[in-house]
Structure formats: C-alpha cells, structure tokens
Amino acid sequence: QVQLVQSGGGLVQPGGSLTLSCTASGYDMYSLDMSWHRQAPGKERELVTRVFSRNGTTYYADSVKGRFTFSRDNSAQTVYLQMNNLKPEDTAVYYCKARKVIIGDVFWGQGTQVTVSS
C-alpha cells in the first residue's frame with residue numbers, strides 16, 4: 001500500500017502563490033508516477049500536472065502552464081506543486097496521486113483546499 005499525506009493550501013489573493021506538498025510512504029517513490037489533480041465545486045476532477053518516473057517527462061494542463069511547477073524529491077519521498085500567479089478559477093480541492101509503474105495500482109492523497117479570492 002502507498003500512503004500519501006498532503007500539506008499546504010489555504011486562502012490566497014489573486015496573483016499570490018502557494019506550495020503544496022505530498023509525501024509518500026510504504027513504497028519507493030522511484031517506482032511511482034506522480035501527478036496532481038484538482039476538483040472545483042460542481043466540476044469533475046481534472047489532471048493538473050504529471051511526471052513520469054521513468055524519464056522525468058512532465059505534463060501541464062494548458063490552464064496552469066507557465067504558472068505551476070511540479071517538482072519531486074525522491075530521496076524525501078515528496079512531490080511539490082508550486083503555484084504562482086493564482087487566479088480565482090484555480091480554486092479547488094487539490095489531490096496528489098501515485099501510480100505504481102509496473103502494477104498500475106493507484107492511490108490518492110486526502111486532498112487540500114486552495115481558495116483564491118480577494
């Protein structure tokens with residue numbers, strides 16, 4: 001089993017910044033594909049950014065490209081989502097997700113509320 005514990009988030013004004021973190025335990029992060037997703041009220045959960053462990057390829061949704069940065073510290077078993085120039089439409093519950101590369105099992109963090117409002 002993989003346990004994911006998230007931290008960060010909160011209330012920020014438009015144009016502000018926040019950093020989310022997600023720490024994995026129970027499995028070697030080198031063998032996990034990690035991603036961040038978000039779900040706004042009344043909307044489906046969407047992929048924000050993803051990094052493949054095999055080659056480090058990073059994907060960003062168009063809506064966050066240039067503003068959000070995904071990083072991972074495998075030695076610390078932690079991934080980060082640096083969010084800059086936040087907009088009200090970024091308001092959502094953010095989730096980190098881990099997928100075992102070989103087996104494909106999926107695990108989710110507990111979710112973190114991010115609210116962008118003046």
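Predicted model: local features only at pLDDT ≥ 70, side-chain atom pairs only at ≥ 80, totals over all residues.
Is Asn85 buried, exposed or partly exposed? Asn85 is partly exposed, having a relative accessible area of 42%, where buried means under 20% relative accessible area, exposed over 50% and partly exposed in between, computed with a 1.4 Å probe and protein chains only. Asn85 belongs to the loop between E8 and E9, and its phi is near 50°, a positive value in a residue other than glycine.

Residues are numbered from 1 along each chain as its sequence is written, and side-chain values use heavy atoms, with hydrogens and water left out.

The overall fold comes next. The protein chain holds zero helices and 11 strands, with helices (H or I, at least four residues) and strands (E, at least two) taken as DSSP runs numbered from the N terminus. Along the sequence this gives the pattern β-β-β-β-β-β-β-β-β-β-β. The protein chain is as compact as a globular protein of its length, because its radius of gyration is 14 Å, close to the 13 Å that the globule rule gives for 118 residues. Here the radius of gyration is taken over C-alpha atoms, and the globule rule is 2.2 Å times the number of residues to the power 0.38. The C-alpha atoms fill a box of roughly 45 × 25 × 25 Å along the principal axes.

Of the contacts in the protein chain with a separation of 6 or more, 55% involve residues 24 or more positions apart, a contact being heavy atoms within 4.5 Å. Buried residues account for 42% of the 118 residues. The accessible surface of the protein chain is about 6,100 Å², and carbon and sulfur atoms contribute 48% of that surface; accessible areas come from the Shrake-Rupley method with a 1.4 Å probe, and for residues only the protein chains shown count as cover. The chain carries 12 positive and 9 negative charges, whose mean positions are 2 Å apart. Lys and Arg count as positive and Asp and Glu as negative, with His and the chain ends not counted, and each charge is placed at NZ of Lys, CZ of Arg, CG of Asp or CD of Glu.

The interior can now be explored. In soluble globular proteins, nonpolar side chains tend to be buried together. The largest nonpolar core has 30 residues, of which Leu4, Met34, Trp36, Phe68, Met83 and Tyr94 touch the most other members. Such a core is a set of buried Ala, Val, Leu, Ile, Met, Phe, Trp, Tyr and Cys residues joined through side-chain atoms within 4.5 Å. Among the elements that give two or more residues to this core are strand E3 (18–25), strand E4 (32–39) and strand E7 (68–73). Phe70 is found in strand E7 and is buried, with a relative accessible area of 7%. Beyond its neighbours within four places in sequence, Phe70 is in contact with residues including Met34, Trp36, Val51 and Tyr80. Phe70 and Leu20 lie 50 residues apart in sequence, and their C-alpha atoms are 9.7 Å apart.

Asp33, in strand E4, has a relative accessible area of 5% and is buried. Apart from neighbours within four places in sequence, Asp33 is in contact with Val51, Phe52, Ser53, Arg54, Lys97, Ala98, Arg99 and Val101. Ser21 lies in strand E3 and is buried at 13%. With neighbours within four places again set aside, the contacts of Ser21 include Val5, Ser7, Trp36 and Val79.

The remaining two residues differ in setting. Gln3 sits in strand E1 (residues 3–7) and is partly exposed at 39% relative accessibility. Gln3 and Phe107 are 104 residues apart along the chain, with their C-alpha atoms separated by 7.4 Å. Not counting residues up to four places away in sequence, Gln3 touches Thr23, Ala24, Ser25 and Gly26. Gln77 is placed in the loop between E7 and E8 and is buried at 17% relative accessibility. Although Gln77 is not a glycine, its phi is positive, at about 55°.
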